Amino acid sequence: MISFFNKTIITKTIFFILADVIIIAISVLLAFLIRFDGQIPFQYFPFVSRIIALAVIFTIPIFYFQGLYSFSWSYVSTSEVISLFKAVTISFLFLGITIFISKYFPSFKNFPRSILFISYLLVFIFCGGIRIAKRVYLHIAGSTRMSKEEKTLIVGAGDAGEQI
């Protein structure tokens with residue numbers, strides 16, 4: 001049986017997928033709350049669950065195929081943030097196109113389009129934040145730990161040496 005507390009590639013991937021699903025759901029719900037100043041009108045309640053489901057269906061596979069679950073976020077840099085930006089942009093473009101051609105949302109009638117833009121920003125900020133938080137934590141924890149240890153210089157190791 002797989003222990004979910006061991007740090008393996010599978011458990012890290014499952015953690016980030018579950019975190020992303022929760023973040024996407026919270027982001028869409030917050031987008032509705034922001035758009036309607038904290039009180040979602042009754043007529044928009046059916047939209048909330050459908051938009052959350054569609055956002056998760058589009059975003060998680062695109063995150064996976066963009067490689068957002070396949071590297072260590074301890075060494076996150078601008079290239080990973082750009083990959084996150086691309087993945088969120090592509091997934092929300094697909095979401096917008098799906099809503100536009102859907103019979104449930106005929107040509108965005110009776111649907112506030114600002115929800116997509118607000119959700120897009122919130123998903124990017126929250127998904128990026130949870131990933132960058134690990135690097136910030138390791139930087140803070142490492143700075144207190146490194147002050148007690150002897151520093152080492154590795155010459156000629158390239159990118160592999162940088163990760164050590």
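The legends below describe a predicted model of one protein chain, first as a whole and then in close-up views. Local features are given only at pLDDT of at least 70 and side-chain atom pairs only at pLDDT 80 or more, while totals for chains, interfaces and linings use all residues. Residues are numbered from 1 along each chain as its sequence is written, and side-chain values use heavy atoms, with hydrogens and water left out.

**View 1. The protein chain has five helices and zero strands.** Along the sequence the pattern is α-α-α-α-α. Helices (H or I, at least four residues) and strands (E, at least two) are DSSP runs, numbered from the N terminus. Of the 164 residues, 34% count as buried (under 20% relative accessible area; exposed is over 50% and partly exposed lies in between, with a 1.4 Å probe and protein chains only). The chain exposes about 11,000 Å², and carbon and sulfur atoms supply 68% of that area (Shrake-Rupley method, 1.4 Å probe).

**View 2. Helix α1 (residues 9–35) meets helix α2 (residues 45–65) with their axes within 9 Å.** The axes cross at roughly 140 degrees; they are lines fitted to C-alpha atoms over the stretch in contact, and angles run from 0 to 180 degrees between N-to-C directions. That angle makes α1 oblique to α2 (under 35 degrees is roughly parallel, over 145 roughly antiparallel, 65 to 115 roughly perpendicular, and the rest oblique). Residues making the contact (heavy atoms within 4.5 Å) include Asp20, Ile24 and Phe32 of α1 and Ile52, Thr59 and Phe63 of α2. The contact residues divide into 15 nonpolar, one polar and one charged (Ala, Val, Leu, Ile, Met, Phe, Trp, Tyr, Cys and Pro are nonpolar, Asp, Glu, Lys and Arg charged, and the others, Gly among them, polar).

**View 3. Asp37 lies in the loop between α1 and α2.** Although Asp37 is not a glycine, its phi is positive, at about 55 degrees. With a relative accessibility of 73%, Asp37 counts as exposed.

**View 4. Ser91 is a buried residue of helix α3 (residues 78–101).** The relative accessible area of Ser91 is 1%. Leaving aside residues up to four places away in sequence, Ser91 touches Phe58, Thr59 and Ile62. Thr59 also belongs to the contact of α1 with α2. Ser91 and Tyr120 are 29 residues apart in sequence, and their C-alpha atoms are 9.1 Å apart in space.
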